[in-house]
Amino acid sequence: MSTLLEKPIKISRIMTISVEHARALEDPARAKIVEILYHKRLTAEQITKELQKTGHNKAITTIRHHIDILKEAGLIEIVKIEEVRGAVAKFYGTSTKFLGNHSSKDFDTKYSSIIENTSAKIEKILEGIAKKPALQKKTDKQGYGEFLLMEIVNRATAKALETKDYTSQKRLK
């Protein structure tokens with residue numbers, strides 16, 4: 001048997017997502033709900049209207065079902081409860097920013113020098129974090145140490161991005 005194609009597998013992207021989160025986001029409408037709720041507080045009815053604007057025409061009962069799945073997965077939460085004309089209105093929000101973009105095919109080539117430079121800096125940061133006593137504990141789960149490091153960097157990056165707008169289009173060109 002002759003080999004027709006073989007190429008090395010090089011890790012170029014790390015996603016930190018649990019199976020529970022992946023299942024919750026498998027429906028495009030649910031992913032859109034998380035995206036819509038970023039920096040917003042909306043009721044189920046308001047979410048339904050926002051979804052309709054993007055072509056997701058679903059009944060309010062279906063939207064409530066999607067909301068329950070997302071709440072159970074910890075991707076959205078009730079952020080406000082208010083009494084409105086004798087009824088209780090629940091407002092939902094999220095602390096998860098869903099970036100549903102795709103990188104271009106020439107991404108690695110276009111940004112290779114920035115990736116290399118940033119990688120060296122992140123390596124030093126990871127070494128510093130890994131030395132922290134709380135992270136020195138051994139665990140039975142394979143890859144959990146890497147997950148912890150990635151999740152710490154992920155949340156620190158999210159905090160930094162929320163603090164200041166680093167994504168000015170002028171700077172990225």
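Visitor: Let's start with the hairpin: how many residues lie between β1 and β2?

Guide: Quick housekeeping: this is a predicted model, where local features need pLDDT of at least 70, side-chain atom pairs count only at pLDDT 80 or more, and totals for chains, interfaces and linings use all residues. Residues are numbered from 1 along each chain as its sequence is written, and side-chain values use heavy atoms, with hydrogens and water left out. Helices (H or I, at least four residues) and strands (E, at least two) are DSSP runs, numbered from the N terminus. As for the hairpin formed by β1 and β2, the number of residues between the strands is two.

Visitor: How many bridges join β1 to β2?

Guide: Strands pair if DSSP finds at least two bridges between them. Here β1 covers residues 77–84 and β2 covers residues 87–93, running antiparallel. Val84 sits opposite Ala87 of β2. The bridge count for β1 and β2 is seven.

Visitor: Is Arg85 buried or exposed?

Guide: Arg85 is in the loop between β1 and β2, and has a positive phi of about 50 degrees although it is not a glycine. Buried means under 20% relative accessible area, exposed over 50%, and partly exposed in between (1.4 Å probe, protein chains only). With a relative accessible area of 82%, Arg85 is therefore exposed.

Visitor: And His39, which also isn't a glycine: what is its phi?

Guide: Look in the loop between α2 and α3 (44–53) for His39. At 60% relative accessibility, His39 counts as exposed. Its phi is positive, about 60 degrees.

Visitor: Which residues does Arg41 touch, leaving out those up to four places away in sequence?

Guide: Arg41 is in the loop between α2 and α3, and is exposed at a relative accessible area of 54%. Touching here means contact, with heavy atoms within 4.5 Å. By that rule, the partners of Arg41 are Gln46, Val79, Lys80, Phe91 and Tyr92.
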